Every structure is written in structure tokens, then in C-alpha cells.
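Reader: Thanks for sitting down with me. Could you walk me through this model, one question at a time?

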Amino acid sequence: GQSFQQQGIEPPAFAAGADNPDLGPVAVGVLRLEYHYPPLAGDIDSEDSYGYKIIFKQVDGLTFEMAQSGKMTKPVEKNMEKAIIWLEKQGVVGITGDCGFMMAFQVFVRRRAKCPVFMSSMLQAPMLVASHDKDSKFALCTANSNTLGPNLEWLLTECGVEVNVDQFILVGLQDVPGFDAVANGEAVDPYIVQPGIVARLKKLQEEEPELDAILLECTELPHYADALRAETGLPVFDAITLVDYFHSSSADNPNFGQSFQQQGIEPPAFAAGADNPDLGPVAVGVLRLEYHYPPLAGDIDSEDSYGYKIIFKQVDGLTFEMAQSGKMTKPVEKNMEKAIIWLEKQGVVGITGDCGFMMAFQVFVRRRAKCPVFMSSMLQAPMLVASHDKDSKFALCTANSNTLGPNLEWLLTECGVEVNVDQFILVGLQDVPGFDAVANGEAVDPYIVQPGIVARLKKLQEEEPELDAILLECTELPHYADALRAETGLPVFDAITLVDYFHSSSADNPNFGQSFQ
């Protein structure tokens, strides 16, 4: 993609891709069509699109035409099953596909895989909807709108993606000069294609004032994501932001927590946090409670939790107790509005909160903000559900289950998060030795608390054989995510995977594309 956040690089400068000899042990698997072409960096079929290990496996007999039709023959189904088994034997932490039309096979694959399955970038649709006001519009860019259009609503519903399709504007790129090479399996010239794609989206932006984000469905489109970010100023979500997101849920976070995938470091080794003097221009805003404590690296309130710029803004009068109650007084509502306006004036590309209970204010904030709003890690719930089989269970860890439990279903529904709550097992950590410091606003000792949290989740894993992932609701819990990944072998989603995800949709991808930041 187009690099747009690196000083001294004139666009369009097309990066050659990630150059990292040590890609780590965590790999994502890609099911490939029997369809070959020379991919650009940014394409899901290019190893240069990632900063980690990718394992490809072709599904023999699965043609591009078959993917477009959404139906496999019986022999191809058997080949798909064999490919899934082979990838899981390689230890992949997730499985995706190399064509957006493979969304039609999402249910087929997730029924046969133990790991998360995300066959199309369209699985991100619920995150876009939940993080924006109900009047927002999103551009859904595809290589062929004539093929995708008639099947769009069915595809999303079939895969458990519950969204209002009317919020998505289908943008077919089949007529963009030079892009016909995609359908012909030929090399695409980005210098010819990119101006046409950018022009198409800028025109749409003029026609649709409520256009708030771009979702690229075709797996060959991420190469142009940086150019679109630069020229439209909108967040862009694609196959790479999706794969990066799921990879992060199983990989060792380099900024904090227990190191478990770095040679020579014996757990528990607690990293001091990110140390990067040049954090770039793209910042995320954090609305803070009037509640102060010494945060650990990994906590959403610690600058050491990120590799990019964070801007904090306290909402005067918003106490921890008020957040737990889910109701603000009128004066606090006015202070919240002022804080939102202030953050957007600083140019933040997204707004979150520093307490999981602020999920209750998701609708309030997103109605007043232009940028994406993601006030709680629970916004990730639809991604977990859509990427696993319907029998899967997920641990939802909270600082206080007595407070969250009675309001959980209402909170999710109110915020537009449509999931089966019965798939989530609420795990209250209020009784874990040392964790009472959270409620008391005191410093938490991770060496005391971490063993108790790990033990609680390992016990649940023994009791629930269908437990497939962990979602940490409390914003103080990400510090322990790496330990949970190491000890349970399960993917862990938290406030940091959420903030990192939305940041990536507006930041210059370092591995490919036109430099613009």
C-alpha cells in the first residue's frame, strides 16, 4: 500500500514488503484457490503483506468461478477438508481464504476447524456498524459488484454477520482501468489502477456525506488501502487488517506482559512497555474516568501499552461508580460532550474508554463523534462468534461479574452487538487474590494476581471442552493476556487488540503500499 505516515517518502512509493527473517512461531493459514497470478505486496497471497509467518494451502479443484458461485462439488469439499486438517496440523492460529468470495465457505470451514476462521474481510462489518452511528454509511469495495451484489445479504446472514445491509454502499471496481487483470489472472499495474480506485472513492465521498469508512472485500485491494486513507481521510478495513487482528490475539504482545514466544526469556518476564520515540501522527483518544491508579503496562491507561500515540481526556465527574451504574448525570453528559469535541479537535482517529463498564456510553459517544467509537472490548464479541462454530464457548472475563452479569445482554443489544449471549461464560475475577486492588484504585501486583487469573481460566478450560477463546472485558486485564495465551493455548482478545485494530485502519501500513505519513 501507499506509505503515508513516514516522513521523507514521496508518494507513490511502493514498498517491497515486510523484510523480517525472524517471523516468530505464530502462523496464520490461507486456503488458496486453484488460481495463480503475480500478487502485489498487500495482496493476501503475498508473503510481503505480513510481518509474521503465513502458511498457504491450495484447495485442489477450487476455481475462481466456483468461489463466485458459492458452491463446491463433493470432490472439492473433500479437498477443502483435507486442506483444513493439514493447516491445523501445521499449528496455524487461524484460517482465512485468498478470495473474498470464499465468504460463502465460512460456515463450512468453521464447522471443521478448531481455530478461528475468517474467510472474508466482510466479517469486519459488525465492528464498523457498532462503532459508528446508525446513520453512517460504509463503502464496500469489490472486484465485481455484479457477482457479489445479488448474494450480499444472504452471505452475511448465512455466516452469522448481523448488520443492516442498507448501511453498505456496494462499489464495483470491475470498470476501473487496468483492474480487469484481476479477473484475467494477470499482473496488475498499481500505477495505472490506483488513480482510478482513488478517484472512484473520492467521488463517492462527495456524493455521500455520511460515508464514514471503507471496507475492501477483494483480497487484492489492500495494496491500495494506504492511498485511500491518504486521499479520503477515512479509515480503511481490509483482508490484512482482519488477518493482523486475529494473529494479534494469539501472538506475544511485544510491548507488555509475560514473554512466551521470545527465545531466551523465561516466563514470567514482564516487559516494561513500548519504547518508541517516534510514535507517528495517528493517535487514538481515550475518555478517562475521574479515577486514578498506577496502571501496569498493558492497561489501557498506560502509554506503555501502545506503539503509537495516545491522547487521554478525563471526563470530569464521571466516577467508577457512575460507569458501573451505566447512567450519567446531565452535568457529566455535558462534560462528556466537551471531551469528545476536544479529542476530535486533536485529530484522533478513534475514541475508546478506560473502563469496560463504559460500554453503556457507546451509543452516547458514537452519536456525537465522527470517528469510530469503541468504548469497550465487548465490541469484539461478533468477531468471535462469526469466526467460530455455533457450539463454541467464549470466556468473558470481568473485574466484577456481579455488576456486569445482570446488564450484559442489555449492554450488547443496546450497542448494536447482535450475538447469542449463551455462548459467553461470564468469569468474575473479583475473588482472585490481589485483584481487589482494582476496585480500591490501588497498585496491582502482577506476580500475585497473574497466577490466580491463569488458574481460574485453566480450570474453566478443563470444565468446558468447547471453550475456544477468551475475551477480557476489564481494561486492566490485557497485562495478563500473554500469560493466558501461553498457558491455555487459546486466542485472547482484549481492549488492546481492539484499539490496535482500529488504529491500523487509519495508520500507514509499514509492510507495503504508498508512503503518506
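Reader: Is E466 buried, exposed or partly exposed?

Author: A word on the source before we start: this is a predicted model, where local features need pLDDT of at least 70, side-chain atom pairs count only at pLDDT 80 or more, and totals for chains, interfaces and linings use all residues. Residues are numbered from 1 along each chain as its sequence is written, and side-chain values use heavy atoms, with hydrogens and water left out. Buried means under 20% relative accessible area and exposed over 50%, with partly exposed in between (1.4 Å probe, protein chains only). E466 has a relative accessible area of 38%, so the residue is partly exposed.

Reader: Which residues does E466 touch, not counting those up to four places away in sequence?

Author: E466 sits in the loop between α18 (446–463) and β14; helices (H or I, at least four residues) and strands (E, at least two) are DSSP runs, numbered from the N terminus. Contact means heavy atoms within 4.5 Å. With residues up to four places away in sequence set aside, E466 touches D391, S392 and K393.

Reader: What is the C-alpha separation of E466 and K114?

Author: Along the chain, E466 and K114 are 352 residues apart.

Reader: What is the order of the strands in the open sheet of four?

Author: Strands pair if DSSP finds at least two bridges between them. β12 (residues 393–398) and β14 (residues 467–472) run parallel and are joined by five bridges, with A395 opposite I470 in β14. The edge strands, each pairing on one side only, are β13 (424–428) and β15 (492–493). The pairing in this open sheet is parallel, and the order is β13-β12-β14-β15.

Reader: Why is strand β5 largely enclosed by the rest of the structure, and how many of its six residues are buried?

Author: Five bridges join β5 to β7 (residues 211–216), which run parallel, and L140 stands opposite L215 in β7. β5 is also joined by five bridges to β6 (residues 168–172), again running parallel, with T142 opposite G172. The strand, residues 137–142, is largely enclosed because the number of its six residues that are buried is five.

Reader: How do α10 and α20 run relative to each other?

Author: The axes (lines fitted to C-alpha atoms, for helices over the stretch in contact, with angles from 0 to 180 degrees between N-to-C directions) of α10 (residues 239–248) and α20 (residues 495–504) come within 10 Å and cross at roughly 160 degrees. Angles under 35 degrees count as roughly parallel, over 145 as roughly antiparallel, 65 to 115 as roughly perpendicular and the rest as oblique. Therefore α10 and α20 are roughly antiparallel.

Reader: Which residues of α20 do T241, Y245 and S248 in α10 meet?

Author: These three residues belong to α10 and their partners to α20. The partners are T497, Y501 and S504.
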